[in-house]
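Visitor: I am new to this structure, and I would like to learn how to read its overall build and one of its pockets.

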Amino acid sequence: MKKHAIALALLLAGSAGAAQPELYIRGGFNGWGLDHALLETEKGVYEVQVMLSPGNHPFKIGDKGWTTEWVIDPAASVTVAPGTSYRMATRTGPEDYLFVRQTAPYRFRLDLGNPAAPVLRVTKLELPAVALVDAHKGHAAQATLHFATFDGKQETVRFSSPDAAAPLRSYAQSTTLQLRDPGPQHVLYQEAAGLPAVRSGSLAFDALFALAASEMKQNSVSQIKDGNYNGGAPIACDCFETGEKWHYVWTRDLSYAANLGLAMLDPQRVRNSLDFKLSAFRDGVATAPHVAGGLQIIQDTGSGGSWPVSTDRVSWAFGAEKALQSLPPAERKVFAARALTALSNTIDNDRVAAFDKASGLYTGEQSFLDWRDQSYAAWIVTDLASMATSKALSTNVGHYKALTLAASLAREHGDKARAERYVQWASDLKQAINDRLWLNDAGMYSSLTAGHFDGAPMYKFDWLGQALAVVTGVADGQRARRIMASYPHGPMGAPVIYPQQLDMPVYHNRAMWPFVTAYGLKAAARTGNVAVADAAYDTLLRGAAVNLSNMENLEWLSGQPLLLDEKNPALIGPVINSKRQLWSVGAYLGMVIENVFGVSTTNKGIALRPFITAKLRRQAFGQANEITLHRLRLQGKTLTVRVRLPKAVAGDGFYGVDTITLNGVRTGADIAWDGLAPDSVIEIGLGKLRRGERAITRVTADPYAEASSVFGPREPAIAQLARKADGKIALTIAPAKGELAVYNIYRNGKLAASRLKGSEWLDAKGSDAVCYAVEAQFPGSGNRSHHSMPRCLDAGISAALAEAVDVAAAGTYQVQVRYHNRANEINLGISGGVKWLTVRDGTGRTVAEGVVQMPHGREPGYSSPLAARLEAGRYSFVLGDFYNMSYLKANSTFSAAGGTAGPSNKVDLLGLRLLRVDSN
């Protein structure tokens with residue numbers, strides 16, 4: 001009996017006579033979660049009603065742990081027509097879609113009269129009449145903001161409060177924007193006694209800060225849950241959940257949110273959440289000799305089966321650093337020791353599994369840009385091992401932060417040797433990032449290199465990586481200023497990647513994410529770039545105002561929470577979007593506290609460095625003479641921070657700090673904790689307008705058009721590669737469909753030919769051990785594609801894994817295992833194959849050893865390679881286990897492979913390949 005049939009039989013048997021089956025409608029509209037259970041309405045018929053807003057909504061039918069997953073056609077997505085019945089296939093496949101033009105309730109009806117052939121029918125229902133509500137009626141204080149739209153119209157946002165003089169105000173906020181999710185066009189919220197409040201003379205500005213604080217409180221929960229863990233049952237944790245549609249704690253989301261603003265306001269809850277993302281190994285699990293045992297940071301489920309395809313678990317350090325700066329001394333001491341242990345084990349294991357000595361960089365997927373199709377070459381989904389061996393800017397800066405924080409904690413704990421080692425590793429990594437990833441002609445760092453057999457830094461850019469390089473000091477002053485001037489901004493702000501990718505819907509592609517914008521603002525303030533800072537202020541203020549919430553993401557050229565494209569429904573997006581997204585909330589709070597009022601925590605106290613531009617002063621604060629932040633509580637101290645504003649003037653620039661007083665006494669910009677009284681008043685007087693940096697790159701286009709100024713070309717392929725009789729190597733390019741581009745050819749990761757107009761090229765310099773890749777480039781904009789899948793001239797030596805292999809010619813070889821890992825889907829799980837490969841010569845001496853990765857794959861493929869310098873002779877190969885995230889205790893309740901049944905590091909082994917890449 002096949003797996004899906006067994007699952008179906010168990011499902012039906014378990015649900016007989018029960019009130020609720022283990023089936024849910026799971027889709028982008030509910031974060032693929034468990035909010036919409038199918039309930040039995042008559043014998044064998046299950047239904048659920050869902051209110052849907054406009055969009056092209058992906059969905060599947062699944063159980064809590066995705067062990068059961070039903071789609072209409074396992075071979076292709078199907079767009080469902082309301083009122084039509086569809087036979088379901090009870091096995092996995094691509095998402096089905098429901099296109100919705102106007103907000104309305106829809107009934108999903110599943111008929112299990114014939115269990116072997118379930119029938120799905122979706123029906124549009126009438127939208128119930130709702131009485132119009134004036135949320136502002138009777139409110140004495142009111143304000144209105146107007147925002148121009150991309151299509152020449154205008155959105156209006158109103159704010160009001162019944163009593164503007166109240167110590168704790170309540171607010172109403174309404175918008176004319178068609179909201180992303182169904183619901184009223186207004187929201188009500190109020191200030192909380194335990195959180196700071198702003199009084200700026202602008203009701204709108206004060207309200208939006210209160211909105212972010214209110215959403216922080218909504219995300220503060222006593223239990224969390226995810227359908228893949230603990231059988232979908234709640235898990236006790238005084239933590240921050242990730243958003244309205246995401247009820248779990250995710251390492252990177254939490255850590256960036258904490259770093260941006262949450263750790264300052266609730267360090268204990270941040271500490272709890274950070275601690276939830278640490279885990280020891282399961283009891284009784286034996287670890288390989290090269291593994292650093294003990295507590296470490298969790299890499300969440302994801303590409304190819306998680307770590308070390310993805311290695312941005314080190315982003316945990318960003319949140320931990322801010323928590324350590326904000327916790328009271330006694331609590332800090334305990335967490336500091338735990339953080340040092342976890343960081344050290346994580347660093348040491350990543351050094352073994354994900355550090356490339358040749359480049360000095362760490363391998364792994366880009367941080368947070370973890371939807372492969374959105375920001376990688378189209379072919380990468382068939383070869384996740386190549387994604388695993390690429391090096392990403394954002395992830396490497398995360399490793400830099402982890403190293404510098406661990407060094408500081410080791411020094412604090414008297415471990416001088418460990419501190420010095422991590423300091424040296426951090427210094428070397430910073431140099432490698434600048435040597436290997438900086439593209440001087442672009443004025444930015446490459447977001448990522450190509451993977452093995454290529455390795456070139458690609459002309460792909462991301463705002464998070466650039467901004468993190470600036471705020472961590474990886475980028476020096478001149479490079480930091482060039483980055484700010486060079487990264488493209490649209491009319492509504494900066495996209496998270498550039499250029500955009502064709503044929504992909506909006507999510508990471510073609511999107512702005514507020515938390516990334518907030519890091520861009522931090523970088524702009526650090527470099528004094530007024531134009532970039534103003535763009536960031538506009539993005540964050542507008543997004544929270546018109547959407548009535550701090551959203552997960554927005555389409556970048558229109559600023560819309562959903563850009564409806566009826567002509568191309570497959571491109572509609574953002575395909576997933578949540579209100580009160582945690583890192584967006586942290587971003588907004590941090591923008592106001594750190595950038596506007598200038599307050600940030602340090603290891604010794606607080607720093608005061610406001611960055612108020614002339615535009616922000618004019619547009620946000622109008623005729624006000626001062627703005628005040630009340631009840632900012634830090635380490636048991638309550639601060640009132642008042643910024644005195646110069647008269648508003650036309651022009652651009654930012655205001656320098658003229659004076660700072662603490663309780664009436666002049667002071668500097670850095671104040672130690674013991675210099676603060678239990679209740680302190682800080683007054684910052686702004687002085688003259690400074691010109692600052694004003695360079696910014698602007699890009700604009702119709703958000704529905706495939707403009708070459710916005711997009712990069714589709715990547716080409718190498719159709720043929722062969723050595724001719726005259727010794728030259730002939731390469732034939734297969735252009736991507738519909739592209740009018742020129743081509744650049746890379747030989748062993750180095751540019752060998754540029755801006756070729758034809759599809760044929762001859763190489764007179766290539767050796768037998770040579771590999772090529774090709775990229776397309778638009779002649780006008782200069783935007784480039786991802787690289788083609790690399791192709792090597794040498795076919796290599798193939799053998800069974802257990803066989804001895806004879807090597808005829810000395811050289812550097814890349815040793816790969818041919819395998820198939822079907823433990824989970826390519827975008828899910830914790831069961832990527834992570835093995836230790838040993839190469840031995842004829843005498844039994846080990847000549848090379850290290851980790852090879854075998855990520856989840858739809859078809860058989862090759863592992864990541866192990867480099868080995870081999871002389872002519874006979875060699876044998878031994879493959880043993882290393883470890884993956886399924887070995888950790890925290891994943892013992894995970895529902896799929898590597899979870900409740902125990903660790904999973906199993907792959908089908910199909911053979912071995914040795915590829916000579918260097919004949920020297």
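The dialogue below turns to the chain as a whole and then to a pocket.

Guide: This is a predicted model, in which local features need pLDDT of at least 70 and side-chain atom pairs count only at pLDDT 80 or more, while totals for chains, interfaces and linings use all residues. Residues are numbered from 1 along each chain as its sequence is written, and side-chain values use heavy atoms, with hydrogens and water left out.

Visitor: How many helices and strands does the protein chain have, and how compact is the protein chain?

Guide: Helices (H or I, at least four residues) and strands (E, at least two) are DSSP runs, numbered from the N terminus, and the protein chain has 16 helices and 53 strands. Its radius of gyration is 28 Å, close to the 29 Å that the globule rule gives for 920 residues, so the chain is as compact as a globular protein of that length; the radius is taken over C-alpha atoms, and the rule is 2.2 Å times the number of residues to the power 0.38.

Visitor: What share of the residues is buried?

Guide: Buried means under 20% relative accessible area with a 1.4 Å probe, protein chains only, and 62% of the 920 residues are buried.

Visitor: Which residues are closest to the centre of the second largest pocket?

Guide: Rolling a probe the size of a water molecule over the atoms shows where empty space is left. On a 1 Å grid over the protein atoms alone, where a 1.4 Å probe fits, a pocket is an open set of points with protein on both sides within 12 Å along at least five of seven lines, and lining residues have an atom within 4 Å of a point. The second largest pocket holds about 1,500 Å³ of space, a volume filled by probe spheres set on points joined across faces, edges and corners. Of its 48 lining residues, the closest to the centre are Asp356, Ala358, Ser359, Lys391 and Gln814, and strand β49 (residues 846–854) gives the most to the lining, with four residues.

Definitions and conventions: Buried means under 20% relative accessible area, exposed over 50%, partly exposed in between (1.4 Å probe, protein chains only).
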